[in-house]
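Please read this report alongside the sequence and the coordinates. It moves from the overall fold to individual residues.

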Amino acid sequence: MKSNINTFIEKAGWPRIIIFLFLLSLYIIAPFVGVKLSTSISDTIIRFGMNGVLVLAMVPMVQAGTGLNFGLPLGIIAGLLGAITSIELKIGGFSGFLTALVIAIPIAAILGYGYGKLLNKVKGGEMMIATYVGFSSVAFMSMVWLLIPYKSPDMVWAYGGSGLRTTISVEKYWIHTLNNFLEIKIGETFIFPTGMLLFFAFMAFLVWLFFKTKAGTAMSAVGSNPEYAKASGVDIDKVRVQSVMFSTILGAIGIIVYEQSFGFIQLYMGPFYMAFPAVAAILIGGASVHKATITNVIIGTFLFQGILTMTPSVINNIIKTDMSEVMRIIVSNGMILYALTRREKGKA
């Protein structure tokens, strides 16, 4: 029994156990301070589904040894282009959601190809350059959103009739397209977004399946032992570019899934900090900069989003004042700081 517990602790790691116990304590405390437990659990599940694919976008690059995808905003921008184009074409419902994906995926593939080529030229400094690519692409697109010649009155500024608004509602088009599919409602406060979770499970299955193929095995081999992969005839640079393209495409799909649940498309500085929570989530889930699995994605996303959901509401009700946004920023940045500064066991 004792050896089983020790084995579990060794496999899970104390940080994840402590974070899980902290989250569990928040769920236990919640009803005693006036927070509805059903609402809290529902919010956690919805946030898990919203962010799951964005965290999944870390896996291909990590597995190929290309580092954590701090350039995620590049994929997000492709998703934003797909989303606003589907609105410009006035396509609503599930067709609008699919149109956004169909437009976003090839754009993400092209951007990912260029991004991958750049990372191949800076081997060893991928994460720093990726961060720069992420930030600079957001700044560049802030000018493009003002100049893009779309005319839909649901998107352009009312004053002047040109340039896209900072926040665009998808309510008339494809809001909750996935959430509402086979949705389960219990009482007035608990909602289970079945469709969104099924979509995440499907995307996770595709990624898992890919890493069982010859191309996926080559990608993992490049990340774990590049010399062996090269000796086996694998074109390392080509595989690295493929991994970046794969991650960027997942990022584009992830932001469209996020938007259909959130209800809004956020342009300009919206994608600026979206990479950090995704990176922190997968690290909290147990991934390293050299290895990441679907299990890491699921555990990390649930823990990160669970604490981000529960902490502000519980603390607010304890101190009887609205500091939810301040608490959210403190908790979010605290977890990001922990995830990015933790050391792997046995490594300096």
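The sections below describe a predicted model, beginning with the whole chain and ending with selected residues.

## Overall architecture

The protein contains 14 helices together with 4 strands. Its radius of gyration is 21 Å, close to the 20 Å that the globule rule gives for 348 residues, so the protein is as compact as a globular protein of that length. The C-alpha trace spans about 60 × 55 × 35 Å along its principal axes.

Among the contacts with a separation of 6 or more, 75% are between residues 24 or more positions apart. Of the 348 residues in the protein, 51% are buried.

## Surface and charge

The accessible surface amounts to about 16,700 Å², and carbon and sulfur atoms account for 68% of that area. The charged side chains comprise 25 positive and 15 negative ones, and the centres of these two sets lie 7 Å apart.

In soluble globular proteins, nonpolar side chains tend to be buried together. Here the largest nonpolar core has 106 residues, and those with the most contacts inside it are Ile84, Trp145, Leu164, Trp174, Ile265, Leu267 and Ile282. Helix H11, which covers residues 236–262, gives the most to this core, contributing 12 residues.

Which residues does Trp145 touch, not counting residues up to four places away in sequence? The partners of Trp145 are Ile77, Leu80, Leu81, Ile84, Gly163, Leu164, Leu267 and Tyr268; of these, Ile84, Leu164 and Leu267 are also listed among the core residues with the most contacts.

Ala104 is buried, with a relative accessibility of 0%, whereas Tyr113 is partly exposed at a relative accessible area of 42%.

Once residues up to four places away in sequence are set aside, Ala104 touches Ala78, Gly79, Gly82, Ala252 and Ile256. With neighbours within four places likewise left out, Tyr113 is in contact with Val241 and Met245. Tyr113 and Met245 are 132 residues apart in sequence, yet their C-alpha atoms are 5.6 Å apart in space. Ala104 and Asp235, by contrast, are 131 residues apart in sequence and 28 Å apart in space, again from C-alpha to C-alpha.

## Gln63 at the end of helix H4

Gln63 lies in helix H4, which runs over residues 59–63. Is Gln63 buried or exposed? Its relative accessibility is 14%, and because buried means under 20%, Gln63 counts as buried.

Beyond residues up to four places away in sequence, Gln63 touches Phe211, Met219, Ser220 and Gly223, and also His290, Lys291 and Ala292.

As for accessibility, His176 counts as partly exposed at 29%, while Leu182 is exposed with a relative accessible area of 51%.

Methods:
Residues are numbered from 1 along each chain as its sequence is written. This is a predicted model: local features need pLDDT of at least 70, side-chain atom pairs count only at pLDDT 80 or more; totals for chains, interfaces and linings use all residues. Side-chain values use heavy atoms; hydrogens and water are left out. Helices (H or I, at least four residues) and strands (E, at least two) are DSSP runs, numbered from the N terminus. The radius of gyration is taken over C-alpha atoms; the globule rule is 2.2 Å times the number of residues to the power 0.38. Buried means under 20% relative accessible area, exposed over 50%, partly exposed in between (1.4 Å probe, protein chains only). Contact means heavy atoms within 4.5 Å. Accessible areas come from the Shrake-Rupley method with a 1.4 Å probe; for residues, only the protein chains shown count as cover. Lys and Arg count as positive and Asp and Glu as negative; His and the chain ends are not counted. The place of a charge is taken as NZ of Lys, CZ of Arg, CG of Asp or CD of Glu. A nonpolar core is a set of buried Ala, Val, Leu, Ile, Met, Phe, Trp, Tyr and Cys residues joined through side-chain atoms within 4.5 Å.
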